[in-house]
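Please look through the structure shown here. The paragraphs below explain some of its ring pairs, charges and chain copies.

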4 protein chains.
Amino acid sequence: MDHVTFVPTVDQLNYTFGGAEPVLRIKPGTVLTLWTEDAYGGRITSRDDKASVALDTEDLNPQTGPFWIEGAEPGDTLAVHLVDLTPARSWGASTLIPFFGGLTSVPASPTLQEPLPERTYIYEYDRAADTVGFSAQGSNFELSLPANPMLGTVGVAPARREVRSSLVPDAFGGNMDTPEMRIGATCYLRVNVEGALFSLGDGHYRQGEGESCGTAVEGAMHVTAIVDLIKGGGPEWPRLESDTHLMCIGSGRPLEEAWRASQVEMIGWLGDLYGLDRLDAYQLLTQISQVPIANVVDTNYSAVTKIDKQLLPPSPAYGGIHAELRSAAKSLGTISY
Amino acid sequence: MDHVTFVPTVDQLNYTFGGAEPVLRIKPGTVLTLWTEDAYGGRITSRDDKASVALDTEDLNPQTGPFWIEGAEPGDTLAVHLVDLTPARSWGASTLIPFFGGLTSVPASPTLQEPLPERTYIYEYDRAADTVGFSAQGSNFELSLPANPMLGTVGVAPARREVRSSLVPDAFGGNMDTPEMRIGATCYLRVNVEGALFSLGDGHYRQGEGESCGTAVEGAMHVTAIVDLIKGGGPEWPRLESDTHLMCIGSGRPLEEAWRASQVEMIGWLGDLYGLDRLDAYQLLTQISQVPIANVVDTNYSAVTKIDKQLLPPSPAYGGIHAELRSAAKSLGTISY
Amino acid sequence: MDHVTFVPTVDQLNYTFGGAEPVLRIKPGTVLTLWTEDAYGGRITSRDDKASVALDTEDLNPQTGPFWIEGAEPGDTLAVHLVDLTPARSWGASTLIPFFGGLTSVPASPTLQEPLPERTYIYEYDRAADTVGFSAQGSNFELSLPANPMLGTVGVAPARREVRSSLVPDAFGGNMDTPEMRIGATCYLRVNVEGALFSLGDGHYRQGEGESCGTAVEGAMHVTAIVDLIKGGGPEWPRLESDTHLMCIGSGRPLEEAWRASQVEMIGWLGDLYGLDRLDAYQLLTQISQVPIANVVDTNYSAVTKIDKQLLPPSPAYGGIHAELRSAAKSLGTISY
Amino acid sequence: MDHVTFVPTVDQLNYTFGGAEPVLRIKPGTVLTLWTEDAYGGRITSRDDKASVALDTEDLNPQTGPFWIEGAEPGDTLAVHLVDLTPARSWGASTLIPFFGGLTSVPASPTLQEPLPERTYIYEYDRAADTVGFSAQGSNFELSLPANPMLGTVGVAPARREVRSSLVPDAFGGNMDTPEMRIGATCYLRVNVEGALFSLGDGHYRQGEGESCGTAVEGAMHVTAIVDLIKGGGPEWPRLESDTHLMCIGSGRPLEEAWRASQVEMIGWLGDLYGLDRLDAYQLLTQISQVPIANVVDTNYSAVTKIDKQLLPPSPAYGGIHAELRSAAKSLGTISY
């Protein structure tokens, strides 16, 4: 396996899926060790940094990449296995941003109400305890929460010649903001353009399902991933596989449309794995589906349909590539940055 | 504690929340042992019973109740603790019903497409193994799934003089169809009319999150519940408490509105329990919220906001009534029907 | 034709569709001369009456009725022809109500933002000029607008034993809030219960499409209507006919579902009138449909699909009953109250 | 005034807003005489051309442009005045496309139902009578409808470095599909990138509001437009002005969000023109707004908020540029192609 390390300079960061020149060309099977800047572009460093001032820019949610995957052609399946995610700073930040988030009006659906007050929360990351610390601002309440590093954004260049902001989740992946995108997961994405043009970023030291206020515990991240390619078989919507679960991620508006997309995608997957016709797969899904919402705050909302593998007979997806990648990941030993 | 057993005759079943005469008057703290008919009114008994023929009726989703709770007044909080749910038949049934469910057009949002084909699935309930059996109809696939008995429908009479079909979930509870409504859960509902007029029904031997096709493994159920009353404090939206989690259930359309309702309800609850102001509670929720969807198939969709109690310092809700009810439930010993 | 006059006392007003005893029994073909209170129950009489104080009640949007129509059975079609609408007061009122309206968050879709400031606007009705007067409160701007009297609410008892608040629009009609419900229109409603239990109210001296802030120029109204009955043929959704247009009104959430309901209803109607199959009617509708939104503020939103009769060959709906009712209306001469 | 004629070759057509090299650079105030291909790229020419075969391509909805407007900078306002739209063929075509349109499930919100049958309708354009002819396929019904030429798509390059398919309507304009985009209208668009990169296309010989099935009477069009530039003042959402109306067009999902965007945009415009504060403008809009839906079929839905100028005192928008452009248009005399 090739093992490539890439730490972007500020100028090398990109803010779109599609439309950017590749930073590197890699072979399928390459191990990538990367560094990702936080979604604020590093502009929020203390409780006094208010989003409306610090983030007055179009340069939000910087991505590391894109990487050109040799041999990737439209219709193929890119498999991205997350080997390791390690917080790269000793703190993360979450902000209440005016007219952004799930419990405020937003420009896409405006009201005449005033914005919520701004607040910036700094979460100290305790590496030893592997926790992040919440401090209330209206009272003395403090709380340590287990860290749970994940990536908000993983994606490829979109179809139909489009270039989308890295704030957008859609069929090409992007800013899906699901806590399921964590160590040990393999993400399957349809390749839409030659070379796939894969990027990732938006590290979260921890996030709840829904990302209610619009920003998780955002932080720079060390990322190690193996990027592999399966010829053909590109899914309609992003899929995830962990040791324990199969998952499909739909994105759209309203939220039920994201859910429908993720459900129909899973029905297709169950059909492929178990020879079920669509009605039988629909029926079975009804009784075994889990639906942890990903985000209800981005330009599209994202919903995850999730199935516990233990409920089903073994049937390795994509020829068992997830197990192979897990095992390759283990062979890397401890990753240090 | 009073312990009352009530098994309704067919004529005593009710199909609405509000608008029906109470079947019994009970004191707060009463243990109720009940029987609930399945959502089909018992009209589906074999694979050959097609919904479009068998269910051509307004008598769907029969409820056991309503019960008049003595002393319950508008603004109070009804606490319903589910002591036991035991399948009352040796099989449950799930049906693909024309123009009903999450992955078909529906009368409220019609298209010009033909309906999906009908299918009825009978799930044998293996009491010893505590499983239900799925048999595909388009292939030979068979699967045993763990039973996970729950109630689709728990509610009280609505506000504003309304009478709602038992197919509807809303602020009064009703047909929320969340798998979280299981043994050991305490459901808190705002009382809207004198006596509360509480009913329950719609037993499911198992259901996935979302209830994709619109019908779970529907089955008659033996139910034991303790019904208690807290003066005042009625929540805006139904709340649930288990030994491990706090939950709020919002219902509405589109799905993000159900989500918002459940989130704001939880922000209020966190504020009450921990003295957090609304912005701090919003921030904290962002990092700890779980969002298992309840249903995306009923007249309103339902979303659950769920918090793991272990993440938070102990702070008993409603004066610790859940623990008391748990303990009272244990004192009842094994329930037999 | 029987001609019945009914002016309700305050105690005779009703606040629901379904669930109320009929105030009168009338024969099909009866002319009704009625008086309707405004949606505030007459509690807003000056700019100083703020909604949050004056409307702290469940008694909103009072209806005149219900009327029992002799011979009306489930599945029949009620035809309500609006002969005359005359403002019954010399002023109407519109209010900005906290957390109500189209450009604020609402309890069904809450945010954490503060409510908009309250304002009450009194519009003087100039009977001679037939105008209502708008006066800005933040500046000196004043404007006379043509009066355009209409009824926000026309409906019958719902199906499935339900009782709905008079704030709700749905398949039974109710609070549709479309300016199309004006003098000269005939409204066709499906009868759901014996006697139909028809009511109306919520007079508006003028309203824009959408009813943006949630309240039109609300005012007490003198109403003269002819109520007729067609056996069978009850439409799925309310229909309207004027001398110039055919219209169908769908209600639901999100707004596209209301639109879909109104479109499919019109496709059915075109099919009946012109022998078009559903695909041809869909195609034709695509090129001739008008879609004036009714309201985006009520518990359900309402959309109107509207077709200019001039574009189509003559084909009298319901045996030409609209023309007959128009002609009967003219035979009544000038209505005085 | 410069007067430039541009008829694109097939290779010069573009399929995105943003991301394409300008075909021409023009000065503000230039008269453009253009030709636009139909949305099918000319691939549908008879009833036997089925969309699923003929349109199996990413090259849909070709645009004429983009044009680089000299001096246009981000934040400026582009004013596009439609002088003339003349059908360039003797027929237009509308198609029922599988899984596309308002009354079928679509990939963004999939169901498990079969697609609707395909049909292609050819509408003969009678230039003398200025009508298009509809012929039913399931019966003998035929109908002549007045032609009403319009452009489905008018837009500029998007903000945030995005490139969007020409199938998309959004804040940059694009595929809004409103019949209001007709001769005599001036469209105001915010400039997002240097040069604005303005394109147009998607001629419709006639369309109803909503574009129910997803395709209007699509046809190649001769277009004459004057393109002017106002420094600064770029609106959040596209605005339209005709001799009789002011209009704002919002796009998004669900449909109520498109409506909200258009309403808040109009409130801002009313505020600018009449010195109304936001609450007064909200109130006034409530009583005078018209809301003709544009489309409920594209990747975003579009809604128009429309105000009759006659209801308001004269107050020329943008310094009276619409009247100037109307008058410049008249000075061009009859346009021949």
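Through which surface do the copies, chain D and chain B, meet? Of the interface residues of chain D, 100% are also interface residues in chain B, so the copies meet through the same surface; contact here means heavy atoms within 4.5 Å. The model is predicted: local features need pLDDT of at least 70, side-chain atom pairs count only at pLDDT 80 or more, and totals for chains, interfaces and linings use all residues. Residues are numbered from 1 along each chain as its sequence is written, chains are lettered from A and ligands numbered from 1 in the order in which they are written, and side-chain values use heavy atoms, without hydrogens and water.

In chain B, the charged end of R25(B) sits over the ring of W68(B), 4.2 Å from its centre (CZ of Arg or NZ of Lys within 6 Å of the ring centre and within 35 degrees of the ring normal). In chain D, R25(D) lies over the face of W68(D), at 4.2 Å from the ring centre.

Over all chains, the structure holds 44 aromatic pairs (rings of Phe, Tyr and Trp, the last by its six-membered ring, with centres within 6.5 Å; stacked under 30 degrees between planes, edge-to-face over 60, tilted for the rest). Y123(A) and F134(A) form a tilted pair, 6.0 Å centre to centre with 35° between the planes. Ring pairs also link Y121(A), Y123(A), F134(A), F141(A) and Y274(B) into a cluster.
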